[in-house]
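Me: I have a structure to go through. Can we start with how the residues get sorted?

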Amino acid sequence: MSEAAVITRPVNGSPASSVGWVLIVDDEAEIRESLQTLLELEGYAVESAASGEEGLTHIGERTFDLVLLDLALPDRNGMDLLAEIHAQDPQLSIIMITAYGTVENAVKAMQVGAANFIQKPWDNEKLLADVRAAVARRRAEEENIQLKRALKQRYNFENIVGKSEPMLKIFDLVAQVAPSRSTVLLQGESGTGKELIAKAIHLNSPRRDQPFVPVNTGSMPPDLLESTLFGHVKGAFTSAVASKKGLFEIADRGTLFLDEIGNMSLDTQSKILRVLQDRKFMHLGGVHEIQVDVRIIAATNVDLKQQVRDGKFRDDLFYRLNVITIDLPPLRQRKEDIPMLAAFFLDKYSKENDRVAQRILPEALRPLVSYSWPGNVRELENVVERAVVLSTEAAIGPDLLPDEIAGRSAAFSLLEHRADASLFDIMEDCERSIILDMLEKCNWSQTDAAERFHVPLSTLNQKIKRLNIEIKKKGRE
Ligand SMILES: Nc1ncnc2c1ncn2[C@@H]1O[C@H](COP(=O)(O)OP(=O)(O)OP(=O)(O)O)[C@@H](O)[C@H]1O
Ligand SMILES: [Mg+2]
């Protein structure tokens with residue numbers, strides 16, 4: 001070990017917060033030394049062992065982030081050792097070192113849990129990149145576990161994942177507002193977790209044993225919405241053959257979650273305002289006032305302030321709802337949450353589907369992190385679920401991600417499906433699918449499509465004919 005690279009050991013037990021700890025297990029002294037020097041120069045703390053037995057002793061003594069493990073050790077079979085190491089520390093990343101010609105075994109090792117393998121003689125840059133990725137993953141998992149533990153102790157948030165600054169603030173805010181009866185307004189794009197947070201507020205409030213009643217106020221016609229919320233007496237309207245309780249009553253002593261509040265009619269808004277003001281209301285067609293004790297949580301994915309300015313939302317209702325506002329940032333603004341969320345959904349759907357998928361390879365994680373996620377966490381959840389369901393191996397690679405996320409061009413995926421295709425076939429296929437997409441978007445109006453493509457209608461029609469595109473539905477031509 002070179003003098004300059006000596007690094008003070010952190011206290012035994014947990015990985016150091018800044019340096020990554022790497023253990024090298026290889027019987028060849030030359031290999032151990034060159035790897036150690038390479039890694040130490042990169043700032044890693046390195047220990048090395050010449051045998052499997054020695055390696056296990058090291059692992060028993062301190063926590064490592066990563067083990068570089070020779071597949072062919074004299075005293076132990078590399079596979080057995082891998083299993084033993086994982087028995088001691090299931091989260092520990094292991095990269096197998098393998099000689100030329102034994103790649104098959106390394107692949108087997110990956111199937112039983114090794115993170116990756118490197119082949120001798122290795123390329124330093126590639127090796128360092130693999131080490132960095134493995135250490136980063138270990139750290140993310142470690143953080144995930146610790147954070148979950150901490151949150152579980154503080155609040156009942158096990159199913160909400162996030163470590164980004166805005167999410168941690170939201171956790172604090174939720175914990176702060178949960179115990180009161182204050183009205184909470186949740187704002188955020190679709191799929192950012194508004195309903196999840198609403199439930200968390202309810203579950204961490206003294207009302208947790210009473211009902212949490214969600215109602216999608218945006219999707220119902222006003223009359224139906226009002227009879228759903230306030231209930232009605234028998235005969236209040238033609239189809240009211242019996243009296244019916246409203247959700248305000250059903251949610252009594254619990255929480256009513258008014259979802260998509262931005263689309264409510266002004267008339268319904270004023271009725272809701274009245275309930276918010278004095279917690280009293282009447283059944284449709286009724287004469288008695290009913291008093292309820294309901295906590296209101298509202299959610300919207302539109303900018304309510306703008307709606308107020310446009311005269312579409314009552315300002316007095318807005319102020320009533322806006323007592324405490326929680327803004328859920330879109331996923332693209334908190335990318336550091338993506339690896340944790342992906343790991344969380346991987347675990348959830350592997351269990352649900354009885355799948356072996358346990359890890360997401362760095363090549364797959366990279367595009368997941370860089371994608372812009374217009375559908376936010378819900379979209380990420382769906383993508384991970386799909387990958388898990390399609391997976392046949394322990395690790396999820398980029399091939400299991402949708403093309404637009406993995407960054408494969410349409411041409412590339414066509415080529416994958418049609419190995420015999422020439423460049424001209426591929427270009428035709430691409431042209432066909434682009435034209436089809438546009439026609440679909442333009443409701444099959446060839447005129448609109450030609451306009452959007454900036455070509456004369458006759459040119460588009462020639463292409464449609466040449467490419468044998470079938471016009472499925474006649475549009476507004
Ligand atoms: N931080 C998170 N941790 C774990 N799961 C999350 C998180 N945020 C969202 N989800 C999951 O993503 C999905 C969408 O969340 P949710 O339904 O709460 O979003 P929303 O904001 O109400 O969306 P919409 O506006 O479309 O109704 C749910 O399955 C939810 O469990
Ligand atoms: Mg929702």
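Reply: Ala, Val, Leu, Ile, Met, Phe, Trp, Tyr, Cys and Pro count as nonpolar, Asp, Glu, Lys and Arg as charged, and the others, Gly among them, as polar. This is a predicted model: local features need pLDDT of at least 70, side-chain atom pairs count only at pLDDT 80 or more, and totals for chains, interfaces and linings use all residues. Residues are numbered from 1 along each chain as its sequence is written, while chains are lettered from A and ligands numbered from 1 in the order in which they are written.

Me: What is the shell around ligand 1 by class?

Reply: 6 nonpolar, 7 polar and 4 charged residues.

Me: Which of the 17 come nearest?

Reply: Ser-190, Gly-193, Lys-194, Glu-195 and Val-377. A residue is near a molecule if its C-beta atom, placed from the backbone, lies within 6 Å of it.

Me: Which elements give two or more residues to that shell?

Reply: Helix 7 (194-203), helix 13 (338-353) and helix 15 (376-390). Helices are DSSP runs (H or I, at least four residues) and so are strands (E, at least two), numbered from the N terminus.

Me: Switching to helix 2, which residues are buried?

Reply: Gly-52, Gly-55 and Ile-59. Buried means 20 or more other C-beta atoms within 10 Å of a residue's own, exposed 12 or fewer, partly exposed in between, with C-beta atoms placed from the backbone.

Me: And which are exposed on the other side of helix 2?

Reply: Thr-57, Gly-60 and Glu-61.
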